[in-house]
Amino acid sequence: MNMLKISLLAPILLSLSINVFAWESIEDAKITEFIQFNTGIDRDYSIAKFEQDGGAFIRCHVSYEEKEFTSLILSLYMSGKSATVHCYNEELDIGGIKSYKLHRVIAK
């Protein structure tokens, strides 16, 4: 009888321990703004505004410590190429500019 109770509770307990992430994303967007920001407190950030032709946009940030992301963002900005972008859904205010932490970039 105890095994039956455990087998019924196991799926419930497992579902409670799984982290669920929601994403902010945009497809086929070009970088129309690039800002390098020194917070003066702890970290320096790069903020990019990814914008679609229709005007929809998302602002994403990376810390300077993430050199690969910063280089990729600069390359996309300078070349004018588009990308699909996924950011974490927690918004951060950096010097009055709200943005999401960059998670993934798929360059086109």
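**Figure 1. Lys 49 in strand E2 of the predicted model.** In this predicted model, Lys 49 is a residue of strand E2. Its relative accessible area is 12%, so Lys 49 counts as buried, the limit being under 20%. Strand E1 spans residues 23–38 and strand E2 spans residues 44–51, while strand E3 covers 57–63.

**Figure 2. Ile 26 and its contacts.** Ile 26 belongs to strand E1. With a relative accessible area of 7%, Ile 26 is buried. Ile 26 and Val 85 lie 59 residues apart in sequence, yet their C-alpha atoms are 5.5 Å apart in space. Beyond neighbours within four places in sequence, the contacts of Ile 26 include Phe 50 and Gln 52, then Ala 56, Phe 57 and Ile 58, and also Ala 83, Thr 84 and Val 85.

Figure 3. Asp 28 has a phi near 50°, a positive value in a residue other than glycine. Most residues other than glycine have a negative phi. Asp 28 is partly exposed, at a relative accessible area of 46%, whereas Ala 29 is buried, at 1% relative accessibility. Outside the four places on either side in sequence, Ala 29 touches Phe 50, Glu 51 and Gln 52, together with Lys 81, Ser 82 and Ala 83. The C-alpha atoms of Ala 29 and Thr 84 are separated by 6.4 Å, although these residues are 55 apart along the chain.

**Figure 4. Ala 83 in strand E4.** Ala 83 lies in strand E4 and is buried, with 1% relative accessibility. Between Ala 83 and Ala 29 the C-alpha distance is 5.4 Å, and the sequence separation is 54 residues. Not counting residues up to four places away in sequence, Ala 83 touches Ile 26, Glu 27, Asp 28 and Ala 29; Leu 76; and Val 105, Ile 106, Ala 107 and Lys 108.

**Figure 5. The largest nonpolar core.** This core has 18 residues, and those touching the most other members are Phe 50, Ile 58, Cys 60, Ile 73, Val 85, Cys 87 and Leu 102. At least two core residues come from each of strands E1, E2, E3, E4 and E5 (97–107) and from helix H2 (67–79). Strand E1 gives the largest share, four residues. Ile 73, one of the residues with the most core partners, touches Ile 31, Phe 34, Ala 48, Val 62 and Leu 102, apart from residues up to four places away in sequence. In soluble globular proteins, nonpolar side chains tend to be buried together.

**Figure 6. The largest pocket.** The volume of the largest pocket is about 190 Å³. Its lining consists of Arg 43, Tyr 45, His 61, Val 62, Ser 63, Glu 66, Tyr 88, Glu 90, Glu 91, Leu 92 and Lys 101. Strands E3 and E4 (83–94) are the elements that give two or more residues to this lining, and the largest share, four residues, comes from E4. By type, the lining residues divide into five charged, four nonpolar and two polar.

**Figure 7. Ser 63, a residue of the pocket lining.** Ser 63 is found in strand E3 and is one of the residues that line the largest pocket. Ser 63 is buried, with a relative accessible area of 4%. Leaving out residues up to four places away in sequence, Ser 63 touches Arg 43, Asp 44, Tyr 45 and Thr 70. Among these partners, Arg 43 and Tyr 45 also line the largest pocket.

**Figure 8. The whole chain, for orientation.** The chain has two helices and five strands, in the order α-β-β-β-α-β-β from the N terminus on. Of its 108 residues, 28% are buried. The accessible surface comes to about 7,400 Å², and carbon and sulfur atoms account for 55% of this area. Among contacts between residues at least 6 apart in sequence, 52% join residues at least 24 apart.

Definitions and conventions
Residues are numbered from 1 along each chain as its sequence is written. This is a predicted model: local features need pLDDT of at least 70, side-chain atom pairs count only at pLDDT 80 or more; totals for chains, interfaces and linings use all residues. Side-chain values use heavy atoms; hydrogens and water are left out. On a 1 Å grid over the protein atoms alone, a cavity is a set of points where a 1.4 Å probe fits but cannot get out, and a pocket is an open set with protein on both sides within 12 Å along at least five of seven lines; lining residues have an atom within 4 Å of a point. Grid points are joined across faces, edges and corners, and a volume is the space filled by probe spheres set on the points. Ala, Val, Leu, Ile, Met, Phe, Trp, Tyr, Cys and Pro count as nonpolar, Asp, Glu, Lys and Arg as charged, and the others, Gly among them, as polar. Buried means under 20% relative accessible area, exposed over 50%, partly exposed in between (1.4 Å probe, protein chains only). Contact means heavy atoms within 4.5 Å. Accessible areas come from the Shrake-Rupley method with a 1.4 Å probe; for residues, only the protein chains shown count as cover. A nonpolar core is a set of buried Ala, Val, Leu, Ile, Met, Phe, Trp, Tyr and Cys residues joined through side-chain atoms within 4.5 Å.
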